[in-house]
Amino acid sequence: MTDLFEQAAGQASYSAKDIEVLEGLEPVRRRPGMYIGGTDDAAMHHLAAELLDNAMDEAVAGHASIIEMTLAPGNLLTVRDNGRGIPVDPHPKFRDKSALEVILTTLHSGGKFAGKAYATSGGLHGVGSSVVNALAERLEVEVAREKTLWKQDYARGKPLTKLVNAGATPNRRGTLIRFVPDPEIFGDKKFSPARLYRMCRSKAYLFRGVRIRWTCDAALIAAGADVPAQAELHFPGGLADSLAEELGAAPKLVAPVWAGQADLPDDAGRIEWACAWLEAGEATLSTYCNTIPTTLGGTHEAGFRAALLKGLRGFGEQRSNKRAAVITAEDATGALAAKLSLFIRDPQFQGQTKEKLTSPEAQKLTEAALRDRFEHFLTGDPANADNLLAFVIERAEERIRRREQKDTPRKSATRRLRLPGKLTDCSRESREDTEIFLVEGDSAGGSAKQARNRETQAVLPLRGKILNVASASTEKLRQNQELKDLIEALGCGVGDRFQIDALRYGRIIIMTDADVDGAHIASLLMTFFYRELPELIRGGHVYLAQPPLYRLTQGGKSVYAMDDGERDRLVKTAFKANAKVEISRFKGLGEMPPAILKETTMDPKRRVLLRVLAPPEARAETAEIVESLMGRKPELRFRFIQDHASSVQELDV
Ligand SMILES: Nc1ncnc2c1ncn2[C@@H]1O[C@H](COP(=O)(O)OP(=O)(O)OP(=O)(O)O)[C@@H](O)[C@H]1O
């Protein structure tokens, strides 16, 4: 046996010369993912967020009151504030460079480490501006300080000019940065006006002392951008206003909104919150620290949940309601729409994208600040608080009941229901381990029926293209026979009558042909679930089957390929090199022999399914994509196609 520690051939060439030390901004361009989380759309928008965060820090520190964001054609974005202006004097350590140039060209340079120039800032790593600069094809900076205007231009992180004194500017102050993200890094992705506008709005809600002026060039509006050309965003009502906007007119609430703000003890910072318990609808919790959206939550969120839980339990004790002891944090916050914004000194986040707050003290600070206030809110309005407590206890008891009945048969539900005639149901009664295949048309339905496991797999054939729910009225939707059948077969109802416990199958599997029409039908169905039954997606019940498009055979051996790429790869790798490989293309599931459909697509032991997810942290992006692809505005679709056409590799026409 060979010794694993024996020197392998070629290993000797691995030496000091292989170890690189990247200089200046080179690491950012080589590994953008580490700084902005990737090179996708979200990452490119992160560049805008970095600049907006810096301007917000200047505002929260009390030095700026106005921020402007301007989007122009050519993916040119400008962020400007009327703060102190980035310092331009020579830096004491790098005498030949201004502080401005050091900030824009050196990682980990900044004024937010010591907490002298800023108290509770979102910036802390000293990398944001230099990362934007490194990943910008070009960047211009203008700083107005002490009535003088300074300018400097950069390309891909390197200065093109010296910092120049551009003359007197008696009435101007602050920083302006204008840049174009580098196509070498981001391809031809373009800033989404809607996304930037949303970013500005949510920032303005987080700090009452700022006015954010938004401008979107007329050409972008004409091309379908769904934002105002100009807006001044200023929300004196803070998070309470933001929550009210999110809830819309006349929301059905269990108790009045609980909102407020408070300074933390010992000058530790500030906290603001707004909470509404919904009778029905989607629970949402958005948290922020120093105006940074912490989409993955973190310690402040944990403190918030603990405060609500303990507050409710405490109130239960006061009311001698023993049932309150079973409440968990999940019960207390599961039907909650809430916003929480914390400002603290020296926060710690996970990574530069700052999606999660990790400062340990934030948990205690939040819990301590909110718990008593919450109990106070409850005891101050006992009638509504009793309602809320009863509502949460009911959720808790239902959770316990569900757990106890986890595997109860669904027979009773079936009896009550009128099942659609074309459903071929499975014989097992429990929801666990059963699944329903939604297939395209009767002939595919026929194959699927023969290929299925009768005990656990049900089949519902749908006729042709279902209604596009993203552009249909609710009335039309209610009347649509295919959708009615689908909802009846699922058993869980929809809208106000939705009841997850009545869902008749554990898995809902969309099984359409592996071609353009099939993809369209699958998109329509996913849109339907996303819009009308989002709980099923959230609960991980919705899947896409992955039927093959090709069968490749040589001698007695067959393999299957999902697309042209896989076909070409398998032809080269799966067979003997010299003999001919037979390739057949399945016209559709209906033409596929049942045995093959079973083997490749339906048999739980051998198939591959894709689970359909809509992660809460990407809620806005998912909504935007669904709206642009499936919504009522063809111009958004046109724009999406223009934006993404270059990433399409094979167009099936
Ligand atoms: N708009 C601005 N006004 C005034 N000073 C600014 C502005 N933008 C940046 N600065 C200064 O430049 C420094 C570096 O900014 P940079 O964005 O690189 O990092 P940061 O904000 O300190 O931290 P992070 O990397 O976490 O964002 C800041 O700390 C601040 O001193």
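At what angle do helix α10 (residues 299-318) and helix α13 (residues 382-404) pack, and how far apart are their axes? The structure examined here is a predicted model, in which local features need pLDDT of at least 70 and side-chain atom pairs count only at pLDDT 80 or more, while totals for chains, interfaces and linings use all residues. Residues are numbered from 1 along each chain as its sequence is written.

Two packed helices are described by the angle between their axes and the distance between the axes. For α10 and α13, the angle is about 110 degrees and the axes are 11 Å apart. Axes are lines fitted to C-alpha atoms, for helices over the stretch in contact, and angles run from 0 to 180 degrees between N-to-C directions. Helices α10 and α13 are therefore roughly perpendicular to each other; angles under 35 degrees count as roughly parallel, over 145 as roughly antiparallel, 65 to 115 as roughly perpendicular and the rest as oblique. The crossing of α10 past α13 is left-handed, a term used if the near helix is turned anticlockwise from the far one by less than a right angle, and right-handed is used if clockwise. In this packing, L312, F315 and G316 of α10 meet A385, L389 and V392 of α13, where contact requires C-beta atoms, placed from the backbone, to lie within 7 Å. The residues of this contact comprise 5 nonpolar, 1 polar and no charged. Here Ala, Val, Leu, Ile, Met, Phe, Trp, Tyr, Cys and Pro count as nonpolar, Asp, Glu, Lys and Arg as charged, and the others, Gly among them, as polar.

Helix α10 also packs with helix α12 (residues 360-380), at an angle of about 30 degrees and with the axes 7 Å apart. Helices α10 and α12 are therefore roughly parallel to each other, and α10 passes α12 in a right-handed crossing. The contact of α10 with α12 contains 12 nonpolar, 9 polar and 5 charged residues.

The protein chain as a whole has 23 helices and 22 strands, which are DSSP runs numbered from the N terminus (helices: H or I, at least four residues; strands: E, at least two). Of its 653 residues, 37% are buried. A residue is buried if 20 or more other C-beta atoms, placed from the backbone, lie within 10 Å of its own, exposed if 12 or fewer, and partly exposed in between. Among contacts between residues at least 6 apart in sequence, 67% join residues at least 24 apart.

Around the ligand there are 23 residues, of which N54, G110, G111, G123 and G128 come nearest; a residue is near a molecule if its C-beta atom, placed from the backbone, lies within 6 Å of it. The elements giving two or more residues to this shell are α3 (41-60) and α5 (128-134), and α3 gives the most, with 5 residues. By class, the shell has 6 nonpolar, 11 polar and 6 charged residues.

Individual residues complete the description. L610 lies in strand β22 (residues 609-611) and is exposed, with 12 other C-beta atoms within 10 Å. Not counting residues up to four places away in sequence, L610 touches Y543, L544 and Q546. R156, although not a glycine, has a positive phi of about 45 degrees; this residue is in the loop between β4 (148-155) and β5 (158-159). D267, in the loop between β10 (258-264) and β11 (269-277), has a positive phi near 55 degrees.

How values were computed:
Two residues are in contact if their C-beta atoms, placed from the backbone, lie within 7 Å.
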